[in-house]
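The stops below are meant to be followed in order.

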Amino acid sequence: MHDEPEKKKKGLKLTRKSTRKIIGKWRKLSSEEHGELSTTESIEIDDVPSVKRVLGLPLTESVAADPSFDGIPLPSFFRYALDFVEENGLCTEGIYRLSPPKSRLDELERRANCGEVMVFTDPHEAAGLIKRFLRQIPECVVPPEFDAIAESCSCGLATTTQLTPKLVCSCGAVRNLRESLNRIGIERKTLFIYVFLHAQHVMAQEKENKMGLQALGLLLQTVLEMSRKMVCFSAHAIRPCDGITVPGVSFKKKLGCGLL
């Protein structure tokens, strides 16, 4: 019975956290015995190697940490995840509603943060990582003031509960959105456009995946921290532009990067 604590001690694994703690104690003992160490003699705790990070950073930093090869200002792992859903999951029932186990998402996040090769076994894994990335962005993708643009639309884009591709805006609200998007950072603008163009592709397959504007819109409202009207308005306002495609986009369906 008395040997159990000793066995547990032997079985301890040294982690980065425990290493930092040990180094800290060592420095304290050394300073007490020999006086404060000089700058050249001291071991800085921050010198302990840290894992590269992509998720949870401001968007500009995420892009810099994991840049796309073609210069599109989005993290490359995020674009790959979008591509995977576009190619394999648009007709998957419950896409973006059903999530893989947390342990699997943790592993995918670790891979993204370390720049390792990303391998998805099914579309729900890619969708789960997309949601996790969007939730962890510390700033709003578009400022809360954009809600007023959606509120000002008198053409029904912000109030319809079904995706209606033929619904157009003639009151000038979409023009105001375009002008406002041009005033925010290119990373935020690009992410906003990509997300809603992708959402349109998902909602277009509502009969198969059961993810229409109401279901997917609620999710986008949560992860992007937008009002319901702003989500509905954006789902209709962001439209592909004929003849204008996103440079280097790898979606099977060519995406346009414009507004009505």
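Is S62 buried or exposed? With a relative accessibility of 0%, S62 counts as buried, where buried means under 20% relative accessible area, exposed over 50% and partly exposed in between, for a 1.4 Å probe and protein chains only. Before going further, note that this is a predicted model, in which local features need pLDDT of at least 70 and side-chain atom pairs count only at pLDDT 80 or more, whereas totals for chains, interfaces and linings use all residues. Residues are numbered from 1 along each chain as its sequence is written, and side-chain values use heavy atoms, with hydrogens and water left out.

**Stop 1: around S62**

Select S62, which is found in helix 3 (residues 59-65); helices here are DSSP runs of H or I with at least four residues, numbered from the N terminus. Not counting residues up to four places away in sequence, S62 touches V54, L57, P75 and F133, contact meaning heavy atoms within 4.5 Å. The C-alpha atoms of S62 and F133 are 9.9 Å apart in space, although 71 residues separate the two in sequence.

**Stop 2: the aromatic rings**

The structure holds 5 aromatic pairs, a pair being rings of Phe, Tyr or Trp (its six-membered ring) whose centres lie within 6.5 Å, with planes under 30 degrees apart counted as stacked, over 60 as edge-to-face and the rest as tilted. F77 and F133 form an edge-to-face pair, 5.4 Å centre to centre with 90° between the planes, and this pair links distant parts of the chain, since F77 is in helix 4 and F133 in helix 6, 56 residues apart. Both F77 and F133 are buried, and ring pairs link F77, F78 and F133 into a cluster.

Next select Y80 and F120, whose ring centres are 5.6 Å apart with the planes at 15°, so the pair is stacked. Y80 lies in helix 4 and F120 in the loop between helix 5 and helix 6, so this pair ties together parts that are 40 residues apart in sequence. Y80 is partly exposed at 36% relative accessible area, whereas F120, at 7%, counts as buried.

**Stop 3: the nonpolar core**

Now select F78, Y96, L134, L191, F192 and F233, which touch the most other members of the largest nonpolar core, a set of 66 residues. Such a core consists of buried Ala, Val, Leu, Ile, Met, Phe, Trp, Tyr and Cys residues joined through side-chain atoms within 4.5 Å. Helix 9 gives the most to this core, with 10 residues.

Centre on F233, which, leaving aside its neighbours within four places in sequence, is in contact with I149, A150, C153, L157, A158, A173, V174 and L177.

**Stop 4: helix 8 against helix 12**

Select A173, V174 and L177 in helix 8, which meet M230, F233 and A237 in helix 12. The residues of this contact divide into 6 nonpolar, no polar and no charged.

**Stop 5: two loop residues**

Finish with K210, in the loop between helix 10 (206-209) and helix 11, and with E225, in the loop between helix 11 and helix 12. K210 has a positive phi of about 60° although it is not a glycine, and E225, also not a glycine, has a positive phi of about 55°. K210 is partly exposed, with a relative accessible area of 46%, while E225 counts as exposed at 59%.

Technical notes:
Ala, Val, Leu, Ile, Met, Phe, Trp, Tyr, Cys and Pro count as nonpolar, Asp, Glu, Lys and Arg as charged, and the others, Gly among them, as polar.
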